[in-house]
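Trainee: I am new to this structure. Please show me how to read its features one by one.

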Amino acid sequence: MKDKLKKAFLIGIGAMAATGEKIDELVDELVAKGDVTAEEGKKILDQYKEKVKANQQDISSKAKEELSKMLDKMNLATKKDLEEIKARLDAIEQKLNNNPQ
């Protein structure tokens with residue numbers, strides 16, 4: 001399950017990277033034709049990069065959320081759970097060592 005989520009995430013990043021290259025080519029072409037100025041082209045690319053960054057953060061957040069939900073459904077112990085258990089065991093061990101029978 002985790003591998004499938006990772007693959008989907010990587011495919012999404014790959015698609016964004018490929019789209020980014022196409023946007024760069026398109027803007028370069030528009031500048032070369034004189035349809036937009038170099039400054040306008042830079043502005044277009046900057047806006048695109050901001051949108052991609054926001055989308056990546058959103059995707060990352062959603063992926064973490066989904067992974068967290070899946071782990072909750074699997075009913076696995078968390079790091080916090082294990083630390084609490086260790087603390088309880090340490091306390092029991094200390095009581096046993098202080099009260100030898």
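Trainee: Is K62 buried, partly exposed or exposed?

Mentor: Buried means under 20% relative accessible area, exposed means over 50%, and partly exposed lies in between (1.4 Å probe, protein chains only). K62 has 47% relative accessibility, so K62 counts as partly exposed. A caution before we go on: this is a predicted model, where local features need pLDDT of at least 70, side-chain atom pairs count only at pLDDT 80 or more, and totals for chains, interfaces and linings use all residues. Residues are numbered from 1 along each chain as its sequence is written, and side-chain values use heavy atoms, with hydrogens and water left out.

Trainee: Which residue forms a salt bridge with K62?

Mentor: Side chains of opposite charge can pair when their charged atoms come close. A salt bridge is a side-chain nitrogen of Lys or Arg within 4 Å of a carboxyl oxygen of Asp or Glu. Here the partner is D58, with the closest N and O atoms 3.3 Å apart. D58 is partly exposed, at 36% relative accessibility. Both K62 and D58 lie in helix α2, 4 residues apart, about one turn of the helix.

Trainee: How many salt bridges are there in the whole structure?

Mentor: A search finds 5. Among them is the pair K42 and D46, at 3.0 Å from N to O. K42 is exposed, at 51%, while D46 is partly exposed, at 30%. Another joins K86 and D90, at 3.0 Å, N to O. K86 and D90 sit in helix α3, 4 residues apart.

Trainee: How many helices and strands does the chain have?

Mentor: Helices (H or I, at least four residues) and strands (E, at least two) are DSSP runs, numbered from the N terminus. This chain has 3 helices and 0 strands. Helix α2 covers residues 38–74 and reaches 53 Å from its first C-alpha to its last. The expected span is 1.5 Å times one less than the number of residues.

Trainee: Which residues in α2 are buried?

Mentor: G41, L45 and V52 are buried there. Across the 101 residues of the chain, 7% count as buried.

Trainee: Which residues form the nonpolar patch on the surface?

Mentor: Patches take residues with over 30% relative accessible area and no salt bridge; like charges are joined within 9 Å, nonpolar side chains (Val, Leu, Ile, Met, Phe, Trp, Tyr) within 5 Å. Here L82, I85, L89, I92 and L96 form the nonpolar patch. Together they have about 510 Å² of accessible area, by the Shrake-Rupley method with a 1.4 Å probe, where only the protein chains shown count as cover for residues. L82 lies in helix α3 (residues 79–98).
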